[in-house]
Amino acid sequence: MSDHHGNGDHHDPPSHDTTGGHGMLVFGHEVTYFSHLPMFGTPHNYQVLLEVGLDEDVREALRSHSHAFPEEPYDTFDPVPFPIAELDPAGSGPRRTSITGSIYCGHFERRAKGTPPLAGNIKVRIERCVQFTQLDVDARATDDGTLEYLCFGHGGRLYLAHAISGWPSYDQILEVHAVPGTATNPMGQPLPDDTATMDEFFREHFTTADPFDIGGRSDAPDHRLASQEVADGSFFATSPPSGTHGFNVRLEAERELYLEVRELAHPMH
């Protein structure tokens with residue numbers, strides 16, 4: 001079991017304390033994002049996406065370093081333990097505005113364990129909570145579940161995070177783009193919005209995550225969206241500039257940034 005889940009082998013006390021070492025994936029270009037590394041067990045049963053602010057020297061370290069571990073071509077954040085519920089934008093208590101910890105090249109509990117951090121003991125500003133979902137630790141995936149992602153990003157980059165529901169599941173982040181000219185209304189008719197309008201919409205609309213459903217496709221891990229794959233799906237809860245309720249579009253996955261299956265295969269005990 002991973003070290004950052006060391007507080008997760010017991011149930012929350014009556015106070016529902018969510019304090020733990022909540023490790024995060026680090027990614028992004030002009031805009032930096034953190035994605036909590038979840039499990040089906042307390043206090044790590046949360047899918048959380050954050051837009052964060054970093055000092056320029058930290059951003060430069062992220063831009064300029066080479067990945068030392070080919071099997072882990074990503075960076076992670078190892079924080080000082082904190083209550084993850086304080087990130088909930090709908091929470092009843094004060095909102096957390098920063099977290100402290102260290103960024104590592106690779107997974108800080110795996111290949112990067114014991115290596116010097118890229119940036120140690122840094123303060124990370126919470127600019128925006130993009131998504132906050134508490135996972136039901138007892139929920140089972142159903143055979144008829146359809147593949148759903150959470151679409152987010154702005155500043156010219158768009159991402160999909162697999163929407164985690166019941167176990168077995170998987171944590172996946174993809175960098176994607178909308179294929180020009182493929183947006184239609186729910187009836188399948190081309191949207192009246194021109195290409196430039198839709199391009200601007202995809203660049204700036206998704207500051208918080210919207211669900212993207214790939215109909216007719218199972219939610220099982222081996223049916224996930226792959227790098228370079230093009231998928232037709234629907235934003236059933238999102239209105240395009242022309243104002244229809246929901247729309248369809250084709251998204252192309254440029255590359256997979258992260259995938260974890262094992263730690264979401266079953267509940268923690």
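In strand β7, the residue that forms the bridge with Thr76 is Tyr104. Strands and helices are DSSP runs numbered from the N terminus (E, at least two residues, for strands; H or I, at least four, for helices). The model is predicted, and local features need pLDDT of at least 70, side-chain atom pairs count only at pLDDT 80 or more, and totals for chains, interfaces and linings use all residues. Residues are numbered from 1 along each chain as its sequence is written, and side-chain values use heavy atoms, with hydrogens and water left out.

Strands β5 (residues 75-79) and β7 (residues 98-105) are antiparallel and share 4 bridges; two strands count as paired if DSSP finds at least two bridges between them. This pair belongs to a barrel closed by 6 strands with antiparallel pairing, in the order β2-β3-β4-β8-β7-β5. From one strand to the next the twist averages 45° (axes are lines fitted to C-alpha atoms, and angles run from 0 to 180 degrees between N-to-C directions). Strands β7 and β8 are antiparallel over 5 bridges, and Ile103 lies opposite Ala119 in β8. Strand β4 (residues 46-53) is joined to β8 (residues 119-134) by 8 bridges, again antiparallel, with Val52 facing Ile126 in β8.

The largest nonpolar core has 24 residues, among which Leu160, Phe202, Phe235, Phe247 and Val249 touch the most other members. Such a core is a set of buried Ala, Val, Leu, Ile, Met, Phe, Trp, Tyr and Cys residues joined through side-chain atoms within 4.5 Å, where buried means under 20% relative accessible area (1.4 Å probe, protein chains only). Strand β14 (247-260) supplies the largest share of this core, 4 residues.

The largest pocket holds about 470 Å³ of space. A pocket is an open set of points on a 1 Å grid over the protein atoms alone, with protein on both sides within 12 Å along at least five of seven lines, and lining residues have an atom within 4 Å of a point. A volume is the space filled by probe spheres set on the points, which are joined across faces, edges and corners. The pocket is lined by 19 residues, and Val26, Phe27, Gly28, Leu62 and Asp75 lie nearest its centre. Strand β2 gives the most to this lining, with 4 residues.

The second largest pocket has a volume of about 390 Å³. Its lining comprises 23 residues, of which Ala178, Pro180, Met198, Asp199 and Phe202 are the closest to its centre. Helix α2 provides the largest share of this lining, 5 residues.

Conventions:
Buried < 20%, exposed > 50% of the residue type's maximum accessible area, 1.4 Å probe, protein only. 1 Å grid on protein atoms, 1.4 Å probe; cavity = no way out; pocket = protein on both sides within 12 Å on 5 of 7 lines; lining within 4 Å.
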